[in-house]
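Hello,

Here is the structure for you to look over. My notes on the interface and the cavities follow below.

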Amino acid sequence: MISSGRGLRALSLATIAMITLALALVFFYAPLDANQGFIQKIFYLHVPLAITALCGFVFGGLLAIGHLRSGDRKWDMRSYVAIHMALIFGVGGLITGSIWAKASWGHWWVWSDPTLVSFLIVMLLFATYQPLRFSIEDPERQARYASVFAIVAGAFVPLNFIAVRAAQGVVHPRVLTLTGSKLPGSMGLTFAISLLAIALLYVTLWRYEMAAKNARIQLRRLRRAALGEEAAPGVARSAAPS
Amino acid sequence: MSATLAVLRKDLRLELRTFETLPAMVLFSLSTFVIFHFALARTTISGQLAAGVLTVTLLFAALLGAGRLFVAEREQGGFDAFLLAPVDRNALLLAKATAMFVFLVVLEVIAVPAFGLLLLGPPLGPRLAGLVAVIALADVALSVIGTLVSAIAIHTRARDMISPIIGLPLLLPALIATARAAAPVLAHRSAASPPGKWLLILALYDVVFALLSYAVFDFLLED
Amino acid sequence: MDQPAIELRGLTRRFGERAALADVSVRLPVGATLAVLGRNGAGKSTLLRILATLLRPHSGRVSVLGQPLPRAAYAVRARVGLLAHEPLLYRDLSGRENLDYHARLHGVAPERVQRLLEAVGMGARADDPVRSLSRGLVQRLAVCRAVLHEPIVLLLDEPGANLDPQAAELIEPLVGGGNGRTCVLTSHDPSAAMERADLVLGLRDGRASFVLPPAEVTEPQLRKLYA
């Protein structure tokens, strides 16, 4: 059900609506920061991207558990797309984070910030996901090993943040604490809507990519059944589940 | 347990017979110390810098060793031989991680005094106990992650590359903790014992990844 | 008593999108010998590896001595012995050390190792590293390894390979049929295999061409198998 196109239109409309609302709030409702000026508004893009990416990685790990427990390759497809998407969102998060760092502290990168550093380490780890998949030719083994990786790496995300935070002082503005948001009302609302919009975007893109992949797989299967093996030769080595 | 001992025995025996892994790790470490001496252009180093140099050297020596852990299994049918036996599959994980730990300890018996001699300056003496505690915990992390990553990499095509690129980010928290914990121990003046906070983080890391590896290892072996 | 030693029903094992084995069904009674014939790549080794619990079936049913695979793999392992293409021996250890290792893994008494080594005429060279032995001697060691734990079901992948007639004679009591031992063997030489077999399975591209007693296998059938 998840992998078909059902409900995709409604989801897309909801996402577009949310994004529009978020943009409107960012530009017209949220207050202008006294110190950083207009560029501060990239915060509404950066933090949701980063949070969504991290959640996406953990989500990918959970889906991988589903794969190993059930042996059904569908779960591996879901896990792959989740991690793949999270990587893209993560790169967006790193770039926007760098821009914001330049605006706030005058440097494109600061080592003293544990959140940024932890995030970089996580990205370095997950960047190896696709090379790992690509280097295993047997598709069954590829899926299984990728799932093992996704589980270990997914568990790594929270651990990493704890360790790095303990290592360094806190420079990154802590906007979300356990006791609730420290943002003033209007910023808080804008932030919440932005987060929701980015999260919805992630889910929509996740479902889109899965639907596209599944359509391709089904098409290939039908062609093989109807026209024989030659019509759709086996997929060459690839990192993606097929 | 007896299966674990059987595999461990076999691995230690193989290493004694062929000396394929340990000498390389030792030589690598010693060469690295010399390189650091020239790269840093100082007569002695201490504190955080010394801790960093020692940690990084041990890390790379460990990755070198880990890369060889499963080669004999892969190339000489050792996996099949093990999988045909009616034993718990995790015995292989335990045995290999223990073998790795033994290799690291032997390495450190040579490399840490060498480090003291070549780079540190004043003798380690009474601070040795603290350093040993830090290194022991670090060794557990290196052994567990080294075994896990090596087991993943052995079935891939670019196995010598996959191993380090996955292992390094995974080990970063443990390395941070090791370097931070060792820093006060290696200070020239007013050397202190390793801070409890870092030992705790290192121990936590060890426990979590040991459990995780135990949980997933079976899936790496089955086909 | 009527429980078959090996039962396969619709066994399928894929490799990517290709089928290494497709819909293979065989029933082998206890104490009988099954010969598996076919070209390279027909699926013979895959079949043996599935029976040895090294590979899982992707669909269909497999049971060995009444135990279903892969669920009861642990129990099956103790009663099945595999003689594979590779000897599964560490080249830098001696034959004795290798067999000691396997004995410990299988919980076999150490005395058995010595007895087996002598039975295959390896008493003198048991302490030389495997690296230094000829292929024939290595094959003898491999046979020892396969039967070390006295398996009830023997899986033999080209058992006669690399063996001179004298050695073949030495190992015959260990791997030959009889004594209620069930055997599955593959061979490139159809006539030799069929001589020992009670049942013949012909594989072509992963599919079962025929499952017949050797007397009923015709020339054209064999030819088609290797065409």
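**Interface of chain A and chain B**

About 2,600 Å² is buried between chain A and chain B, and carbon and sulfur atoms give 75% of it. Buried area is the accessible area (1.4 Å probe) that two parts lose on being put together, summed over both. In chain A, the residues that lose the most area to chain B are A:Arg144, A:Tyr145 and A:Val152, together 21% of what that side buries.

A word on conventions: this is a predicted model, where local features need pLDDT of at least 70, side-chain atom pairs count only at pLDDT 80 or more, and totals for chains, interfaces and linings use all residues. Residues are numbered from 1 along each chain as its sequence is written, chains are lettered from A and ligands numbered from 1 in the order in which they are written, and side-chain values use heavy atoms, leaving out hydrogens and water.

The contact (heavy atoms within 4.5 Å) takes 27 residues from chain A and 27 residues from chain B. Three salt bridges are counted between the two chains. The term means a side-chain nitrogen of Lys or Arg within 4 Å of a carboxyl oxygen of Asp or Glu. A:Arg144 is in a salt bridge with B:Asp223 (3.6 Å, N to O).

On the side of chain A that touches chain B, α4 (114-126), α5 (129-134) and α6 (139-167) each supply at least two residues. Helices are DSSP runs (H or I, at least four residues), numbered from the N terminus. The largest share, 15 residues, comes from α6(A).

**Cavities**

There are six cavities of 30 Å³ or more. A cavity is a set of points on a 1 Å grid over the protein atoms alone where a 1.4 Å probe fits but cannot get out; lining residues have an atom within 4 Å of a point. A volume is the space filled by probe spheres set on the points.

The largest cavity holds about 80 Å³ of space. Its lining includes B:Leu54, B:Thr55, B:Leu142 and B:Thr178. α3 (47-66), α7 (128-153) and α8 (159-182) of chain B each give two or more residues to this lining. α3(B) gives the most, with five residues.

The second largest cavity holds about 70 Å³. Which residues line the second largest cavity? They are A:Leu159, A:Ile162, A:Ala163, B:Pro173, B:Ala174, B:Ile201, B:Leu204 and B:Tyr205. α6 of chain A and α8 and α9 (196-221) of chain B each supply at least two residues of that lining.

Best wishes

Conventions:
On a 1 Å grid over the protein atoms alone, a cavity is a set of points where a 1.4 Å probe fits but cannot get out, and a pocket is an open set with protein on both sides within 12 Å along at least five of seven lines; lining residues have an atom within 4 Å of a point.
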